[in-house]
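The following paragraphs lead the reader through one protein chain, from its overall form to individual side chains. Please keep the sequence and the coordinates in view while reading.

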Amino acid sequence: MAENELSFERSLARLDEIVRHLEKGDMPLSDSLTLFEEGTALLKRCSLLLDEAEQTVVKLKKGEE
């Protein structure tokens with residue numbers, strides 16, 4: 001499944017996994033960079049999903065008024 005198809009929860013879980021691997025510091029630099037790149041993409045995905053959720057909440061609240 002592509003990163004842009006992952007749910008917020010799955011993206012966040014994978015991001016947490018990546019952070020744990022990077023914090024160990026026992027991987028070769030090239031592997032660390034690959035994980036960092038994946039983590040950066042997942043962070044952007046999570047941020048986008050949160051922004052969309054916030055916009056939905058704002059629309060719903062405006063509809064109540």
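The accessible surface of the chain comes to about 5,300 Å², and carbon and sulfur atoms contribute 56% of that area. The model under discussion is a predicted one, and the values below are computed from it. Of the 65 residues in the chain, 17% are buried.

The secondary structure consists of two helices and zero strands. The chain is more spread out than a compact globule, because its radius of gyration is 16 Å, well over the 11 Å that the globule rule gives for 65 residues. The dimensions along the principal axes express this in another form: the C-alpha atoms fill a box of roughly 55 × 20 × 15 Å.

The charged side chains come next. There are 9 positive and 15 negative side chains in the chain, and the centres of these two sets lie 3 Å apart. How many salt bridges does a search of the whole structure find? The search returns three, and they can be taken in turn.

Two of the bridges involve Arg 14. In one, Arg 14 pairs with Glu 17, and the closest N and O atoms are 2.7 Å apart. Both residues belong to helix α1, which covers residues 8-24, and their spacing of three residues places them about one helical turn from each other. In the other, Arg 14 pairs with Glu 38, with a distance of 2.8 Å between the closest N and O atoms. Here the partners come from two helices: Arg 14 lies in helix α1 and Glu 38 in helix α2, so the pair ties together parts of the chain that are 24 residues apart in sequence. Taken together, Arg 14, Glu 17 and Glu 38 are linked in a network of salt bridges.

The relative accessible area is 23% for Arg 14, 32% for Glu 17 and 22% for Glu 38.

Is Ser 11 buried or exposed? Its relative accessibility is 0%, so Ser 11 counts as buried. Leaving aside residues up to four places away in sequence, Ser 11 touches Leu 6, Leu 42, Arg 45 and Cys 46. Helix α2 spans residues 29-64, and three of these neighbours, Leu 42, Arg 45 and Cys 46, have numbers within that span.

Before α1 comes a segment that contains Ser 7. Ser 7 is partly exposed, with a relative accessible area of 31%. Although Ser 7 and Leu 49 are 42 residues apart in sequence, their C-alpha atoms are 8.4 Å apart in space.

Helix α2 itself can be followed through two of its residues, Asp 31 and Leu 50. The C-alpha atoms of Leu 50 and Asp 31 are 28 Å apart, for a sequence separation of 19 residues. Between Asp 31 and Ile 18, which are 13 residues apart along the chain, the C-alpha separation is 11 Å. Asp 31 is partly exposed at 38% relative accessibility, and Leu 50 is likewise partly exposed, with a relative accessible area of 48%. The class of exposed residues begins over 50%, so Leu 50, at 48%, remains in the partly exposed class.

Note on methods. Residues numbered from 1 in each chain as written. Predicted model: local features only at pLDDT ≥ 70, side-chain atom pairs only at ≥ 80, totals over all residues. Heavy atoms only, no water. Helix = DSSP H or I, 4+ residues; strand = E, 2+ residues; numbered from the N terminus. Rg over C-alpha atoms; globule rule 2.2 N^0.38 Å. Buried < 20%, exposed > 50% of the residue type's maximum accessible area, 1.4 Å probe, protein only. Areas by Shrake-Rupley, 256 points an atom, 1.4 Å probe, with all protein chains shown as cover. Lys, Arg positive; Asp, Glu negative; His and termini not counted. Charge placed at Lys NZ, Arg CZ, Asp CG, Glu CD. Salt bridge = Lys/Arg side-chain N within 4 Å of Asp/Glu carboxyl O. Contact = heavy atoms within 4.5 Å.
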